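Dear colleague,

Please find below the structure that I am handing over to you. My findings follow directly after it.

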Amino acid sequence: MGSGASKNTEEDDDGSNGGGGQLYVSLKMENSKVEGELTPHVYGSLPLIGSWDPSKALPMQRESASMSEISFVVPPDHETLDFKFLLKPKHRNTPCIVEEGQNRLLTGGSLQGDARLALFRLEGDVIVEFRVFINADRVSPFDLATSWRAYRENLQPSTVRGIPDVSINPDPESVECPLESLELDLAHYEVPAPTPSANSYLVYAADNAENPRSLSASGSFINDSPKNAAQNSSEDSGVTVDGSPSAKEMKVIVPDSSDIYSASGEAESKSMGTLSPFQQKDGQKGLFVDRGVGSPRLVKSLSASSFLVDTKQTKNSMPAAAGAVAAAAVADQMLGPKEDRHLAIVLVGLPARGKTFTAAKLTRYLRWLGHDTKHFNVGKYRRLKHGVNMSADFFRADNPEGVEARTEVAALAMEDMIAWMQEGGQVGIFDATNSTRVRRNMLMKMAEGKCKIIFLETLCNDERIIERNIRLKIQQSPDYSEEMDFEAGVRDFRDRLANYERVYEPVEEGSYIKMIDMVSGNGGQIQVNNISGYLPGRIVFFLVNTHLTPRPILLTRHGESMDNVRGRIGGDSVISESGKLYAKKLASFVEKRLKSEKAATIWTSTLQRTNLTASSIVGFPKVQWRALDEINAGVCDGMTYEEVKKNMPEEYESRKKDKLRYRYPRGESYLDVIQRLEPVIIELERQRAPVVVISHQAVLRALYAYFADRPLKEIPQIEMPLHTIIEIQMGVSGVQEKRYKLMD
């Protein structure tokens with residue numbers, strides 16, 4: 001390359017040209033013979049470092065075994081750069097070796113004189129030559145925003161721990177980190193999990209289903225207008241029903257359909273050149289713009305001339321999602337029949353076949369993808385209306401009162417689900433035995449013209465699994481909460497099961513998915529009939545990969561990185577001294593926790609801070625996932641939030657208003673991260689052995705939200721501290737969570 005002159009290949013939007021602007025300077029030195037005892041450095045005038053003291057020289061990044069590099073920006077008010085190279089020995093008590101000759105001068109992007117070689121005189125008058133490559137390219141202010149080197153502050157020593165920002169990758173051989181082990185039992189490091197997910201495995205899965213809207217425990221009608229319904233659903237989600245009111249206290253209401261909320265709006269997608277419906281934020285003027293590459297603007301004025309399709313959307317008709325999910329939703333709304341815009345997954349199967357577990361898991365998956373999904377459990381309706389501890393006789397087919405009562409609560413649950421869909425709900429999971437054609441025909445008639453029904457039948461022929469499920473049912477179900485004799489409860493439930501078996505009719509009508517012996521984790525089969533469309537296809541794919549095999553999934557962030565120390569976004573820096581210490585402790589933890597798990601694997605991103613954190617873990621295969629890379633901060637990559645606030649105030653405020661949907665210019669949003677993580681979730685569900693995931697804050701927030709069933713809007717605020725391990729235990733009793741803090 002030799003000396004390089006400044007170049008300006010295109011006009012910048014701000015009108016800057018070859019006569020002004022700033023220079024992006026790259027200095028490289030190459031020598032294949034010099035051993036690692038000598039580390040190339042550079043020092044000189046502002047804006048490089050502002051000191052000719054060799055002790056303050058900046059280390060050059062090791063690009064390869066023979067090439068070292070350092071890059072920086074020369075601001076417009078520094079036309080001349082005065083500098084020299086030097087070699088620093090590994091041992092600090094040895095003096096530095098400064099290159100021979102005069103200082104190097106870089107003026108206006110051109111190097112003065114012939115300086116393609118740097119000569120160093122070692123002991124014994126041995127001369128060592130380095131080839132020198134210098135490039136200087138003129139860049140626009142907008143392009144400068146893509147790098148943390150764009151600002152002069154970056155070229156000063158950091159105020160945190162005195163670490164220079166341009167010291168990217170110090171020589172790994174120059175730092176020694178002692179091997180750390182965990183002397184105490186793992187339980188010593190355990191810390192409380194966050195309240196929303198703590199002890200979630202102790203909650204009966206059906207109790208987390210939607211609370212009955214049509215039933216009132218106060219003896220009066222419920223004003224369940226859609227506005228109130230939205231409020232109630234957000235307040236009551238996941239709350240169990242206390243007490244068992246008598247049938248006389250129960251009343252049935254019908255929601256007022258005249259109150260259904262509707263909204264309209266279109267947002268222009270700059271990256272695709274298309275229009276898509278949007279949800280307008282309260283107090284936000286204008287339209288949210290889906291900004292792809294080449295679209296730095298955030299808001300487009302309503303007065304701007306554009307094509308707007310006046311389509312009326314019901315509340316929540318669009319998923320809070322990105323990519324394929326949003327595209328499929330648009331296609332369904334524009335092309336599909338009205339009832340296809342709402343999907344009802346109706347469970348079918350005998351008791352103790354894992355229906356409620358499957359319903360809860362599917363609900364969690366669809367919510368995480370951004371689909372408005374609710375789980376309606378008919379058993380919960382029955383317990384609220386008729387009480388708990390109903391004997392097996394209540395479930396006999398020749399008990400007309402029992403049949404009528406069970407049919408009534410099923411109809412109430414179906415009415416609630418359809419009413420919720422008419423208010424904007426997308427996917428309803430209807431959880432009941434639905435074991436006869438008569439019951440299923442009733443549900444199809446109620447759904448006609450309102451939603452599409454897909455039956456999901458769970459079949460299990462493994463007696464061991466059935467027996468295990470029966471005993472879990474007695475332990476967890478409110479139906480047996482007052483039964484003091486456990487074995488008596490088991491006998492009663494077996495009688496109830498026999499009553500269902502006598503009248504059970506497998507699904508042969510309509511659209512259906514049959515899961516046959518899938519829960520064992522040892523194969524099985526899945527049958528589908530008349531299934532089409534994006535969302536049904538995703539559901540089938542998800543169900544094919546799920547099972548109940550217990551195994552832990554360990555989530556942890558990489559050890560503290562140099563960019564963490566400096567408070568910088570993104571980047572690909574190495575880990576700090578604290579990060580190296582954590583890497584050693586993590587290796588010790590994994591060795592203790594998974595010592596008997598020979599099939600466990602370690603997953604990392606492709607960024608070096610996660611790979612360095614995993615480097616001390618031995619004995620397990622390691623897999624790099626690009627999908628596990630940190631959220632792409634686009635032009636803000638490498639900046640601090642203070643720098644974003646100072647230099648890009650509109651972006652800073654837009655992100656502050658809606659961190660979930662905010663997309664960094666030329667980067668990603670949290671919703672984009674969720675979309676690229678779907679294959680990771682599917683593979684985690686498919687795995688039957690433990691997995692250790694070493695990734696980044698935004699990515700782990702999204703993964704954790706899936707397992708903890710946290711709402712999408714909460715994802716950007718989920719606490720994900722450094723040097724902490726989150727253990728997710730997946731199994732037949734749901735999802736359990738433990739947290740271990742190995743160091744502060």
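The lining of the largest cavity divides into eight nonpolar residues, three polar and one charged. These values come from a predicted model. Among the twelve lining residues, Phe357, Thr358, Lys361, Met515 and Thr546 lie nearest the centre of the cavity. Helix H4 (355–369) and helix H10 (534–544) each supply at least two residues of this lining, and H4 gives the most, with four residues. The volume of this largest cavity is about 90 Å³; in total, the structure holds seven cavities of 30 Å³ or more.

I also looked at the aromatic rings. A search of the whole structure finds 13 aromatic pairs. One of them joins phenylalanine 83 and phenylalanine 85 edge-to-face, at 5.7 Å centre to centre and with 85° between the planes. Phenylalanine 83 counts as buried because its relative accessibility is 0%, and phenylalanine 85 is likewise buried, at 0%.

Tyrosine 480 and phenylalanine 493 form another edge-to-face pair, at 6.3 Å centre to centre and 70° between the planes. Tyrosine 480 lies in the loop between helix H8 (463–476) and helix H9 (486–503), while phenylalanine 493 lies in helix H9, so the pair ties together parts that are 13 residues apart in sequence. Tyrosine 480 counts as buried at 7% relative accessibility, and phenylalanine 493 is buried at 0%.

Trp368, Tyr706 and Phe707 form one aromatic cluster. Over the face of tyrosine 706 lies arginine 364, at 4.6 Å from the ring centre. Arginine 739 lies over the face of tyrosine 704, at 5.1 Å from the ring centre.

With kind regards

Methods
Residues are numbered from 1 along each chain as its sequence is written. This is a predicted model: local features need pLDDT of at least 70, side-chain atom pairs count only at pLDDT 80 or more; totals for chains, interfaces and linings use all residues. Side-chain values use heavy atoms; hydrogens and water are left out. On a 1 Å grid over the protein atoms alone, a cavity is a set of points where a 1.4 Å probe fits but cannot get out, and a pocket is an open set with protein on both sides within 12 Å along at least five of seven lines; lining residues have an atom within 4 Å of a point. Grid points are joined across faces, edges and corners, and a volume is the space filled by probe spheres set on the points. Ala, Val, Leu, Ile, Met, Phe, Trp, Tyr, Cys and Pro count as nonpolar, Asp, Glu, Lys and Arg as charged, and the others, Gly among them, as polar. Rings of Phe, Tyr and Trp (its six-membered ring) pair if their centres lie within 6.5 Å; planes under 30 degrees apart count as stacked, over 60 as edge-to-face and the rest as tilted. Buried means under 20% relative accessible area, exposed over 50%, partly exposed in between (1.4 Å probe, protein chains only). A charge sits over a ring if NZ of Lys or CZ of Arg is within 6 Å of the ring centre and within 35 degrees of the ring normal.
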